[in-house]
Amino acid sequence: MNQLVSELKNVEKSYLNKDVIKIEDLTIYENQKIGIVGKNGEGKTTLLKLIAGEILPEIGTVNTYIDFKYYAQIKDKVIPDYTKIDAEYLSRLNVPEYDPDNFSGGEQTRMRLAEYFSTYHFGLLMDEPTTHLDQEGIQLLVDQLKYYYGTLVAVSHDRYFLDEVVDTIWEIQEGEISVYPGNYSNYQEQKELERLEQENAYSQFVKEKNRLEQAAKEKQAQANKMSQVSTKQQNRSVKPDRLSSSKQKDSVQKAVHKSAKAIEKRAEQLREVEQVQEERTIQFPTPKTLEIHNDFPIMGQDIALKRGDKQLFNKLSFQFPLGKRIGIVGPNGSGKSTLLQYILDDGEGVTISKNVVFSTYQQMAYQLNSEKSLVDYLMEDTEFTEPFVRSVLNNLGFNQNTVSKKSIKDLSGGEATRLVIAKLFTDPSNVLILDEPTNFIDIQTIKALEELMKSYPGTVIFTSHDRYFMANVAEQIWTIENGKLILSTMNVETSLN
């Protein structure tokens with residue numbers, strides 16, 4: 001049996017009087033590879049920091065018996081210390097040789113990973129290591145960790161990474177941690193079995209409760225009928241020989257009434273089973289004012305683009321068809337974000353149909369400081385009805401109490417991101433532009449975003465390094481290669497492999 005390398009016992013950690021983590025007993029063994037999943041704000045990073053010893057619990061103990069190295073999720077640019085980086089890892093992770101000040105987000109991540117792996121440790125703690133990495137970078141990371149001899153605990157929203165690397169899933173939900181053996185796909189299968197079992201349990205609960213309530217009604221009706229008969233007899237002149245018979249009937253009537261009460265109590269004491277919440281597909285109404293009649297509402301002809309001294313595109317041409325979900329892929333630094341912004345700016349060589357109305361995804365949580373409720377905030381600019389806006393918020397995981405009563409200035413970072421996504425889909429538009437929308441959001445929100453994008457009736461142009469997300473959403477894949485934008489002739493699944 002593998003050696004125990006870390007254990008958490010009776011651990012509690014809270015922030016602002018809210019329990020974030022509550023663990024009775026959790027163990028990590030040598031050479032385990034664990035993936036942590038859960039909604040934003042559920043305490044995934046907190047759990048990593050507890051294991052790393054960067055924070056301490058209010059209650060309980062965390063015992064770690066090996067040296068874990070912590071990889072934090074950092075959004076700001078980092079100045080590299082090349083004296084600590086092994087040249088082999090710089091090469092293996094394809095870290096560029098030009099000035100780090102001009103690194104893209106993905107190139108920054110590659111550099112940080114090269115420094116991280118340059119020193120061997122028996123344990124690795126990694127918080128969202130795939131953030132900003134392109135598909136090639138993610139594959140390099142996957143290959144590095146697949147053959148890593150040691151213990152790994154990683155927070156990640158990348159389902160491909162979780163499928164390829166980990167052998168155990170920890171799910172955090174309302175501070176509680178559930179352990180599932182296997183990779184992410186195995187975890188999904190087990191969650192589906194749990195859902196089916198809950199559906200069956202709920203069906204049995206409703207059936208038994210209805211049976212008991214019906215039986216109680218029948219007993220009560222029987223008792224009421226006997227009571228009416230007894231009252232009639234009392235109103236008559238009752239002979240002495242009938243007196244004992246009347247008392248017997250009263251006694252039977254009380255027994256029937258008591259039986260009805262007992263059945264009612266049994267119905268009340270049935271263990272409550274929650275109904276499984278079915279996911280509803282959003283149906284977007286299309287306002288007539290936003291209709292487009294151009295088969296190719298966005299086109300480019302002989303576009304030349306630079307970033308600094310680097311030539312990104314030369315004589316770039318494309319035609320994006322109406323109503324399609326268009327995914328753009330390419331290596332870090334190839335110009336995906338630059339191209340999307342150039343389209344939004346209606347740059348030279350870009351032709352945009354006069355009826356196009358853009359809605360763009362931006363990380364703008366810092367602007368959300370209003371006292372308004374979520375629904376009031378979204379209703380300011382939308383043409384949709386309030387029930388529709390509420391349904392979008394509900395699909396993104398907001399309950400009705402939060403939607404109506406919580407002010408947006410009080411939202412957590414994860415909630416603010418989900419509200420930004422809701423605004424993207426409720427503002428008037430017929431073309432969505434999304435640049436890496438899956439960065440910094442949890443898997444549940446990614447899945448909700450997938451469904452919203454598939455239901456959206458207009459044109460969607462997006463970039464993403466998440467191959468599962470791309471495969472689930474894109475109808476066309478355009479790849480940046482050598483300064484050109486090439487439409488894949490293969491199906492989406494094949495073109496991503």
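**Close-up 1. Contacts between helices α3 and α4 in a predicted model.** Three residues of α3 are listed here: Arg 110, Leu 113 and Phe 117. They meet Glu 136, Gly 137, Leu 140, Leu 141, Gln 144 and Leu 145 in α4. Helix α3 covers residues 105–117, and helix α4 covers residues 135–146.

**Close-up 2. The packing geometry of α3 and α4.** Two packed helices are described by the angle between their axes and the distance between the axes. Here the angle is about 15 degrees. The axes lie 12 Å apart. Angles under 35 degrees count as roughly parallel, and α3 and α4 are therefore roughly parallel to each other. The crossing of α3 past α4 is left-handed.

**Close-up 3. Helix α13 and its N-terminal cap.** Helix α13 runs over residues 443–455, 13 residues in total. From first C-alpha to last, α13 reaches 19 Å. That is close to the 18 Å expected at 1.5 Å a residue. Asp 442 caps the N-terminal end. A side-chain oxygen of Asp 442 lies 3.2 Å from the backbone nitrogen of Gln 444.

**Close-up 4. Buried residues of α13.** Ile 443, Thr 445, Ile 446, Ala 448 and Leu 449 are among the buried residues. Glu 450, Leu 452, Met 453 and Ser 455 are buried too.

**Close-up 5. Thr 46 in helix α1.** Helix α1 spans residues 44–52 and contains Thr 46. Is Thr 46 buried or exposed? Its relative accessible area is 10%, so Thr 46 is buried. Leaving aside residues up to four places away in sequence, Thr 46 touches Lys 13, Tyr 15, Val 20, Ile 21 and Ile 55.

Key: Residues numbered from 1 in each chain as written. Predicted model: local features only at pLDDT ≥ 70, side-chain atom pairs only at ≥ 80, totals over all residues. Heavy atoms only, no water. Helix = DSSP H or I, 4+ residues; strand = E, 2+ residues; numbered from the N terminus. Expected span 1.5 Å × (residues − 1). Buried < 20%, exposed > 50% of the residue type's maximum accessible area, 1.4 Å probe, protein only. Polar contact = N/O pair within 3.5 Å; in protein donor to acceptor, adjacent residues only side chain to side chain. Axes fitted to C-alpha atoms, helices over the stretch in contact; angles between N-to-C directions. Parallel < 35°, antiparallel > 145°, perpendicular 65-115°, else oblique. Left-handed = near helix turned anticlockwise from the far one by under 90°. Contact = heavy atoms within 4.5 Å.
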